[in-house]
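Let's take a friendly walk through a few helices and the residues that join them. Have the structure open beside you as you read.

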Amino acid sequence: MKKIKLCIALLFCALTIHSQQKEFEEILGKQNVKILNFLLQDFEENILKKRYPRLSLQDGYHKLITEVSEEKLLPKELLSKKMKNTFDKSILKKQIYCLTDTVFVGNSRHGVKKTKGKAIIASYKCLNPNGRIINTRAEFYFNDNKKSLEETLLFAKNSLQANLTGKYLKALKGIKNKSQFLKKYIEFIENTGDLRHPITLSSILTRKNIKLDNFLIKRIILINIIYN
């Protein structure tokens, strides 16, 4: 009887994962799926397996997120220039992120007293699911001195926003049977306009003891930790 229940549970789990994959990929689109799968395959074969040759793929993922969460490993160390260029030139990046367009010092909408109402304004271009470009903006505040201004300008120029109208977030939201982790992940993006920081995400995955061989989890790791 116990074996029958176990088999049923495993079958249900397999069907759920298959359903999630189908729902996610249908919304994300064939070209984006192709790029994402290519990046994941490259990461697992040329980075993960070579970095942890004596570990299984599952254990390699666990070792990776543990080292990132403990700040023993920087995600940049795991990314080749070739693969970064592949991602940067892909339409997938525009479906995940809004890209910085212009950065300038302007009048804050919130009236910052310490800088006489001035803020650094970053304008972003976002790609919506229909392929149209829409614009968003964010304000970055600085202390009233030259060093703070220069550092904040540089930070703003290199900043990315999560694309709240893009296919990546839409594909995640389109999954019917969401785990609690996935619900919280989506909620964070919608509330902050940002993806999870690599260290924070790694800590959550480690603390919650989430299975890392899951189809979606591996792709979330790839996007948030490697290509963030």
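Which residues of α9 are buried? In this predicted model, they are P198, L201, S202, I204 and L205. Because these residues cover an arc of only 160 degrees around the axis, they sit on the same side of α9. A general rule about helices is handy here: an α-helix has 3.6 residues a turn, so residues three or four places apart point the same way.

What do the buried residues of α9 pack against? Their partners are α3 (57–69), α8 (180–192) and α10 (215–226).

L205 deserves a visit of its own. This residue belongs to helix α9, which spans residues 198–207. Is L205 buried or exposed? Its relative accessibility is 2%, so L205 counts as buried.

Leaving out residues up to four places away in sequence, L205 touches I65, F181, I210, L212, I217 and I221. Take I221 from that list: L205 and I221 are 16 residues apart in sequence, and their C-alpha atoms are 9.4 Å apart in space.

## Where α3 meets α10

Now turn to two of the helices that the buried residues of α9 pack against, α3 and α10. Two packed helices are described by the angle between their axes and the distance between the axes. For α3 and α10, the axes come within 13 Å and cross at roughly 35 degrees. The crossing of α3 past α10 is left-handed.

Which residues meet here? From α3 come L57, Y61, I65 and V68, while α10 brings K218, I221 and I225. Sorted by class, this contact of α3 with α10 has 6 nonpolar, no polar and 1 charged residues.

Our last stop is in helix α1 (residues 2–28), where E23 is found. With a relative accessibility of 13%, E23 counts as buried, because the cut-off for that label is under 20%.

Which residues does E23 contact, apart from its neighbours within four places in sequence? They are G174, I175 and K176. For K176 there is a further detail to look at: its backbone nitrogen lies 3.1 Å from a polar atom of the E23 side chain.

Note on methods
Residues are numbered from 1 along each chain as its sequence is written. This is a predicted model: local features need pLDDT of at least 70, side-chain atom pairs count only at pLDDT 80 or more; totals for chains, interfaces and linings use all residues. Side-chain values use heavy atoms; hydrogens and water are left out. Helices (H or I, at least four residues) and strands (E, at least two) are DSSP runs, numbered from the N terminus. Buried means under 20% relative accessible area, exposed over 50%, partly exposed in between (1.4 Å probe, protein chains only). A polar contact is a pair of N or O atoms within 3.5 Å; within protein, one must be able to donate a hydrogen and the other to accept it, and residues adjacent in sequence count only if both atoms are side-chain atoms. Contact means heavy atoms within 4.5 Å. The arc is that of the directions from the helix axis to the C-beta atoms. Axes are lines fitted to C-alpha atoms, for helices over the stretch in contact, and angles run from 0 to 180 degrees between N-to-C directions. A crossing is left-handed if the near helix is turned anticlockwise from the far one by less than a right angle, and right-handed if clockwise. Ala, Val, Leu, Ile, Met, Phe, Trp, Tyr, Cys and Pro count as nonpolar, Asp, Glu, Lys and Arg as charged, and the others, Gly among them, as polar.
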